Amino acid sequence: MANYYSDHPEIGFAKEYDYAPVDLGDAIENYKQILDITGDVAANIIEPNSESVDLEGPHLENGRMIYASKTYENLDATRKAGLWGVSMPRRYGGLNLPNAVFSMLSEMISAADAGFQNIWSLQSCIDTLYEFGSEEQRQKYIPRVCAGEGMSMDLTEPDAGSDLQRVMLKATFDEKENCWRLNGVKRFITNGDSDIHLVLARSEEGTKDGRGLSMFIYDKRQGGVDVRHIEHKLGIHGSPTCELTYKNAKVELCGSTRLGLIKYVMALMNGARLGIAAQSVGVEQEAYNEGLAYAKERQQFNDKIINFPSRMKAKLDAGRSLLYETACYVDIYKCLEDIERDRKLTPEEKQELKKYQRLADAFTPLAKGMNSEYANQNAYDAISIHGGSGFIMEYKSQRLFRDARIFSIYEGTTQLQVVAAIRYITNGTMLNNIKDMLAGLEVSDSLKNLKARVEKLVPVYEEALNKVKALENQDAQDFLARRLYDMTAELVMSLLILRDATKAPELFEKSANVYVRMAEEDVLGKSAYIKAFQVEDLASFKAAEPSDNEE
């Protein structure tokens, strides 16, 4: 019987970290059991349902969203398997699993059906309520999510997409009922008719920026919110994307007023972006699987195309390693934050908390941006491997291609990931991290040549970084930021895949050989472009753009 965990030993490849549980062996066995259960559910229930869900999709009835029929089977299966409340403490009924394991579970469910992964993984919104809500709110809402109730984060509005400072959903305090009320519209809300919503709304009358926004908890049981429209999308058809109307809806304030965007949404988005990175890796894996299976049979020019070189597996392995590394950084700092709830941290622990929080903030946009791009590339390549058949709707590769396209758009486009990451690149955080990783990396004899290649790239990268900083021109720095971002991520992933290949050459050595050479090509090319760049060149690019009065 198929199993999305045991069939892919790369997922189960274990790395030991200093923050591991005291009884590491017992913890790992527990993680493996949950991973195995999830792999079974993903392979034998969610994946077989995926085509039907894609064809049917959700629909609207009397202001309520109705899932595709097979989506209800998926929800029932994951609830019976106990796969909800994954990250929550056991005292609330959760599984108390680290983010690294959550990412693995999320990846497998996405490989089975990326649309359903959206519904299931939005349970991670509860992390924000756990972190910033009151104990009364934790007791009230967390057990419900652990029992399988769904969540959504209601951020976007018709006139406020990525620029959330423009959110205008109105929050007013009802003195008579001693509660807050919401009025207005939200748009592009994933799983928008969920049981529990985290809602960004304007609580400070007369404000127009992020300082007037607060976070609220809406319970569907209270009523007051209707689904006005369900979007008809290119892909992820099983994931309902809703337009919502709030009509005097009763809500609870989460945390403090005025911190909704500048503090709570940032935490919410970082978790969501890590979830999209896992979703992307799942589709990278499935696209590779589809391409590999077809390539073993298809023959061109008297040679099976399985013998032609491919970068799909290298991108998958390197991207997965970046995902897991980022999740581990998140686990370390969140573990220290939990300890801080019970006692004061030592000075050393405070330094460690700041270090890993900074690393998580720096790595998250790399993991999300690079993996979402790799998912698109692998899905594209899967269609190419299939040739004309890949363009036929009966083959899964076309659905993977449609599903993957949104990954580099929602929860912040790739360009927004560049914006989020660039300060850690230009202030030297990532350069120092790369140098530390390189200094501490011991590789097997067969990989020493690859490590030497990466070593030679670091000063080339550093020279390009210094050139961009020396330009002292914001437009030029913005123009070149994507190149620095790509180079940074590729160097990091090269070092991670070399580390993995040393520990498990049977799984990763081939990918390390392909990926390092791919990164070498890209870093050298981009650094040469930056080295030759002059600020005056920007005028040429602007001149090439059509003016406002041109068709």
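**Reading a predicted helical model**

User: How many disulfides does the count give?

Analyst: A disulfide is a covalent bond between the sulfur atoms of two cysteines. The rule used here asks for a pair of cysteine sulfur atoms within 2.5 Å. By this rule the count is 0 disulfides. Cysteine 146 is in none; its nearest cysteine sulfur, that of cysteine 125, lies 14 Å away. Cysteine 242 is in no disulfide either, and its nearest cysteine sulfur, also that of cysteine 125, is 14 Å away.

This is a predicted model, where local features need pLDDT of at least 70, side-chain atom pairs count only at pLDDT 80 or more, and totals for chains, interfaces and linings use all residues. Residues are numbered from 1 along each chain as its sequence is written, and side-chain values use heavy atoms, with hydrogens and water left out.

User: Is cysteine 242 buried or exposed?

Analyst: Buried means under 20% relative accessible area, exposed over 50%, and partly exposed in between (1.4 Å probe, protein chains only). Cysteine 242 has 0%, so it is buried. Cysteine 146 has 12%, so it is buried too. Threonine 346 has 32%, so it counts as partly exposed. Threonine 346 sits in the loop between α9 (312–342) and α10 (347–386).

User: What does lysine 396 touch?

Analyst: Contact means heavy atoms within 4.5 Å. Leaving out residues up to four places away in sequence, lysine 396 touches Tyr4, Glu47, Glu286 and Glu290. Lysine 396 is buried, at 15% relative accessible area. Its place is in helix α11 (residues 396–404).

User: What span should helix α14 have?

Analyst: Helices are DSSP runs (H or I, at least four residues), numbered from the N terminus. The expected span is 1.5 Å times one less than the number of residues. Helix α14 (residues 448–470) has 23 residues, so it should span 33 Å; its end C-alpha atoms are 34 Å apart, which agrees. Its buried residues include Leu450, Val454 and Tyr461. Among the elements covering them are α12 (414–426) and α15 (474–503). Just after α14, glutamate 472 takes a positive phi of about 50°.

User: At what angle do α9 and α16 pack?

Analyst: Axes are lines fitted to C-alpha atoms, for helices over the stretch in contact; angles run from 0 to 180 degrees between N-to-C directions. α9 and α16 pack at about 100°, with axes 8 Å apart. Angles of 65 to 115 degrees count as roughly perpendicular, so α9 is roughly perpendicular to α16. The contact includes Lys313 and Asp317 of α9 and Phe508 and Tyr515 of α16.

Definitions and conventions:
Helices (H or I, at least four residues) and strands (E, at least two) are DSSP runs, numbered from the N terminus. Angles under 35 degrees count as roughly parallel, over 145 as roughly antiparallel, 65 to 115 as roughly perpendicular and the rest as oblique.
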